[in-house]
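I opened this model to look up a few features of its fold and to write them down in order.

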Amino acid sequence: MSQGPNDKAAGLIERLPPERDEAQDDRAYTVEVNIGQATDLIHLDKCKLVVVDGPDRGKTLVVDKPIIRIGTNERNQLVLTDNTVSRFHCEIRLQGEEYVLVDRESTNGTYAGELRLREVVLYPNCELLIGNSLVRFEPMVEQIPVFPIARNSYAGLVGGSPRMREVYGVIEKVAGSELTVLIEGETGTGKELIARAVHDRSRRAKSPLVIFDCSAFPENLLESELFGHEKGAFSGAIRTHKGVFERADGGTLFLDELGELPLNLQPKFLRALENGEIRRVGGERAVKVDVRVVAATNRNVATLVEEGKFRQDLFYRLAKVRLPLPGLRERMDDLPMLIDHFLTELRKRGDVPARVAGFAPSALDALRQYDWPGNVRELRNVVERAAAFVEGERIQVEDLPSDLQARLGHSEPLGLPAFTQFDPDENLKDAKERMVALFEREYLVKLLERHNMNISRVARDAGIDRRHVYRLLKKYEIDIPDREE
């Protein structure tokens with residue numbers, strides 16, 4: 001404690017005002033994991049806080065969170081028992097290449113020697129006086145090598161191809177960190193399953209995983225769904241509503257269809273990530289949240305950034321690790337394994353007779369010729385539809401859905417569409433009801449495939465209410481992944 005105020009402040013730079021453009025700094029900490037390479041490195045920023053003097057002398061914390069809160073409240077990362085320290089005294093935030101200390105208007109202040117600090121850039125091994133506790137700050141960078149995992153399945157994902165084994169290796173390494181992850185891939189490649197795997201293998205696994213689809217709400221409701229609203233904030237706000245950030249507090253927020261996030265909401269979203277605070281619509285106080293964000297998109301967000309449709313600083317904040325997923329056409333070795341997996345699930349549900357052993361070689365060959373624009377999700381639907389109408393022990397080419405046969409290049413489908421087949425002994429009323437039911441199911445399945453299981457878009461395309469779509473899903477026992485929590 002013998003150093004003077006100028007010496008103590010030598011490792012700090014006062015920074016006013018706090019607003020700045022940090023897109024270039026963030027770029028340096030964005031890693032695109034190149035699937036196809038044997039090894040890649042993920043850079044994980046950590047910092048070490050050591051209590052040098054005070055009631056908690058010797059206490060040490062190593063953490064990789066982008067926001068580290070310090071105070072006496074148990075919700076802080078570094079909890080001090082010093083009674084001169086405020087409940088939420090100060091924060092250390094990782095912003096681009098810099099760690100920034102922000103005093104939270106504490107009662108007794110945060111000091112470097114005699115200099116009281118509001119917001120400063122921290123340098124290695126600087127010491128901060130927090131109440132009567134002296135804390136040393138030591139930044140660290142860990143380089144994590146990524147290797148493929150030699151498995152045929154992983155956390156609900158199925159496939160043993162080299163591309164999938166590399167994906168498993170990335171999940172294994174990033175799940176236990178606090179890195180934000182951007183999952184990139186076509187519709188139906190399993191982006192939500194990846195997000196669930198990251199959450200389930202993280203330190204947040206016992207806390208909520210909240211799924212939010214940016215394309216599922218009209219723009220005027222998105223802010224309320226993301227950040228919540230207070231009672232009376234607008235017409236129809238009859239009660240206080242918690243947004244997905246608050247519902248995911250302590251856990252993970254999976255932000256699906258990232259490319260659909262409106263430009264006007266992106267600054268508020270960025271502030272929530274940087275500061276760990278949100279403000280409800282119509283609210284006056286900030287609400288602290290501790291959320292890890294995993295995002296997904298089937299659009300090229302980097303291109304949207306170039307076109308001015310997506311903020312560069314938000315993109316690099318969300319994409320600390322970019323994980324591109326292969327399309328099904330790029331992992332055709334996994335086709336038999338995926339089909340067996342789906343048939344096993346159908347048997348467990350009683351939706352396919354026990355006598356059905358699988359697909360005939362000719363049917364598998366036909367499926368290999370298809371380019372699978374809907375990927376694994378489309379394959380699952382094809383297996384379900386084929387298994388529902390097969391008569392023999394193996395699914396033949398003629399058992400495949402008629403629209404798939406047509407897309408495979410047959411001038412005429414090898415089998416009549418299911419809803420045109422009828423029993424001449426069946427009376428008109430029963431035959432009509434059965435055909436209508438088969439048509440409705442087929443129509444609904446195709447719309448779901450086209451719109452990536454988005455109920456709002458299906459309802460708009462079909463010209464019916466969302467509630468009617470849900471009634472049809474229940475009626476025909478069509479399962480889709482949960483889009484909201």
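The entries below go from the whole chain to single elements and residues.

**Ground rules.** I am working with a predicted model, in which local features need pLDDT of at least 70 and side-chain atom pairs count only at pLDDT 80 or more, while totals for chains, interfaces and linings use all residues. Residues are numbered from 1 along each chain as its sequence is written, and side-chain values use heavy atoms, with hydrogens and water left out.

**Whole chain.** Of the 485 residues in the chain, 53% are buried, where buried means under 20% relative accessible area, exposed over 50% and partly exposed in between, with a 1.4 Å probe and protein chains only. The chain exposes about 23,000 Å², and carbon and sulfur atoms supply 48% of that area, as computed by the Shrake-Rupley method with a 1.4 Å probe. Among contacts (heavy atoms within 4.5 Å) with a separation of 6 or more, 65% join residues 24 or more positions apart.

**Strand β11.** I then turned to β11, residues 119-122, where E119 and V121 point one way, V120 and L122 point the other way, and all are buried. In a regular strand the side chains alternate between the two faces of the sheet. Strand β8, residues 98-103, pairs with β11 in the antiparallel sense over four bridges, pairing being counted when DSSP finds at least two bridges between two strands. Within this pair I noted that Y99 has L122 of β11 as its bridge partner.

**Helix α11.** For α11, residues 361-368, I listed A363, L364, A366 and L367 as the buried residues. Seen down the helix axis they fall within an arc of 155 degrees, so they line one face of α11; the arc is that of the directions from the helix axis to the C-beta atoms. These buried residues pack against α10, β23, α12, β24 and α13.

**Residue D465.** I found D465 in the loop between α15 (455-462) and α16 (466-475), and D465 counts as partly exposed because its relative accessibility is 41%. Its C-alpha atom is separated by 9.7 Å from that of I455, 10 residues apart along the chain.

**Cysteines.** My search of the whole structure for disulfides, defined as pairs of cysteine sulfur atoms within 2.5 Å, returned zero. C47 is buried at 0% relative accessibility, and C90 is buried with a relative accessible area of 1%.

Key. Helices (H or I, at least four residues) and strands (E, at least two) are DSSP runs, numbered from the N terminus.
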